[in-house]
Amino acid sequence: MLPSTLIFTVVSPILIMTAIVIMAIGLMYRIKEQIIGSIGYLFLGLSFVTGLLALNKIDETLIIEYGWKYQYVKLLEAGIINPFKGPISPSYVQIGSWSNAVGLFTLTSIFLVLGAAILSYIGVLMIGFDSKKAVVASVIVIIIGGAGIYYLNKAVNVLVFNEDIVSSLAYRDLGSVLRGASIIIAFAIITIGAGSIYLETKTRDYLLYAVSSLFGGIGWSIFSASWTTHFEKLSIFQFISTGQVTTPVTLYIVAAFFIVIGSIGLLLASIIEIVASTMAGVEGEEVLEATELEEVEIEEA
């Protein structure tokens with residue numbers, strides 16, 4: 001299996017399963033914040049699903065229609081073929097190999113930005129602000145990420161229709177920075193929010209929330225760094241000089257590790273929170289029953 005395909009295949013179900021479990025917990029215990037937050041993680045998981053579909057389409061086109069050898073596609077996939085990044089320079093692969101996947105590029109980024117906006121909303125609530133300020137934060141993230149999607153599609157158009165490689169790469173890098181900023185901002189906000197609650201309550205579930213969000217933010221930061229032209233050039237330079245692209249593959253693995261660990265940590269934090277709330281509720285009922293029993297004994301006496 002190709003490096004990116006393997007990583008996308010691992011990350012997407014973990015994010016989606018995490019979202020489903022957290023949503024189930026939220027619905028069961030009627031915790032609105034968990035339900036909303038789970039939707040954010042679901043969108044992030046879906047971004048990897050559509051990204052995987054785009055990867056498969058590009059790989060098949062390169063191998064079947066353009067006669068690329070499997071091992072070359074495998075070597076270049078991590079550093080070059082990245083649906084989160086967008087259009088690929090014609091200096092490296094044929095435009096026709098990815099032009100049919102532009103819709104999936106866009107959908108991948110839309111899911112990413114929606115997930116970032118929802119997590120920003122939850123993070124602002126956790127910091128202690130009201131829902132109006134949380135909505136404002138979400139809108140700001142959508143504007144930043146939406147601008148990134150706009151420049152991604154602009155990069156496609158100027159390359160496909162105007163054959164302007166220089167402008168296309170500039171637009172693509174700008175779009176990558178903006179979309180990367182949207183998800184990094186989201187994780188920064190939710191990390192600060194969970195951290196502030198921990199400092200106030202000293203409960204271990206929110207400490208785990210903060211650490212998990214920090215891990216997730218680090219993972220997305222590393223991953224978004226691979227969406228730039230500089231990373232693309234690094235991959236090609238390493239391929240030409242050594243015949244391998246070990247650095248891009250390593251960075252992908254490290255990014256996936258942080259994202260997965262962050263997702264699992266978030267799931268564990270949610271479970272711990274529910275268990276703690278349930279135990280507190282049981283203890284509260286026992287105390288109440290004991291108090292009522294004492295009152296009855298006093299009245300009988």
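This is a predicted model: local features need pLDDT of at least 70, side-chain atom pairs count only at pLDDT 80 or more; totals for chains, interfaces and linings use all residues.
Residues are numbered from 1 along each chain as its sequence is written, and side-chain values use heavy atoms, with hydrogens and water left out.

**The overall picture**

- The protein chain has nine helices and zero strands; helices (H or I, at least four residues) and strands (E, at least two) are DSSP runs, numbered from the N terminus.
- Along the sequence, the pattern reads α-α-α-α-α-α-α-α-α.
- The C-alpha atoms fill a box of roughly 95 × 35 × 30 Å, taken along the principal axes.
- Of the 301 residues in the protein chain, 48% count as buried.

**Helix α4**

- Helix α4 covers residues 102–127, and its 26 residues should span 38 Å at 1.5 Å a residue; the expected span is 1.5 Å times one less than the number of residues.
- The end C-alpha atoms of α4 are 38 Å apart, which agrees with that expectation.
- This helix is mostly covered, with 20 of its 26 residues buried.

**Two loop residues with positive phi**

- Most residues other than glycine have a negative phi.
- Arg-30 is not a glycine, yet its phi is positive, about 55°; this residue is in the loop between α1 (3–29) and α2.
- Lys-202 is not a glycine either, and has a positive phi of about 60°; its place is the loop between α6 and α7.
- At 56% relative accessibility, Lys-202 counts as exposed.
- The charged end of Lys-202 also sits over the ring of Tyr-198, 5.5 Å from its centre (this needs NZ of Lys or CZ of Arg within 6 Å of the ring centre and within 35 degrees of the ring normal).

**Aromatic pairs**

- A search of the whole structure finds 21 aromatic pairs; rings of Phe, Tyr and Trp (its six-membered ring) pair if their centres lie within 6.5 Å, and planes under 30 degrees apart count as stacked, over 60 as edge-to-face and the rest as tilted.
- The rings of Phe-48 and Trp-220 have centres 5.5 Å apart and planes at 50°, so this pair is tilted.
- Phe-48 lies in helix α2 (residues 32–65) and Trp-220 in helix α7 (residues 204–225), so the pair ties together parts that are 172 residues apart in sequence.
- Phe-48 and Trp-220 are both buried.
- Tyr-151 and Tyr-171 form a stacked pair, 5.9 Å centre to centre with 20° between the planes.
- Tyr-151 lies in helix α5 (residues 131–160) and Tyr-171 in helix α6 (residues 165–201), so this pair ties together parts 20 residues apart in sequence.
- Tyr-151 is partly exposed, with a relative accessible area of 23%, and Tyr-171 is partly exposed with 25%.
- One aromatic cluster is formed by Phe-8, Phe-48, Phe-84, Trp-220, Phe-223, Trp-227 and Tyr-252.

Notes: Buried means under 20% relative accessible area, exposed over 50%, partly exposed in between (1.4 Å probe, protein chains only).
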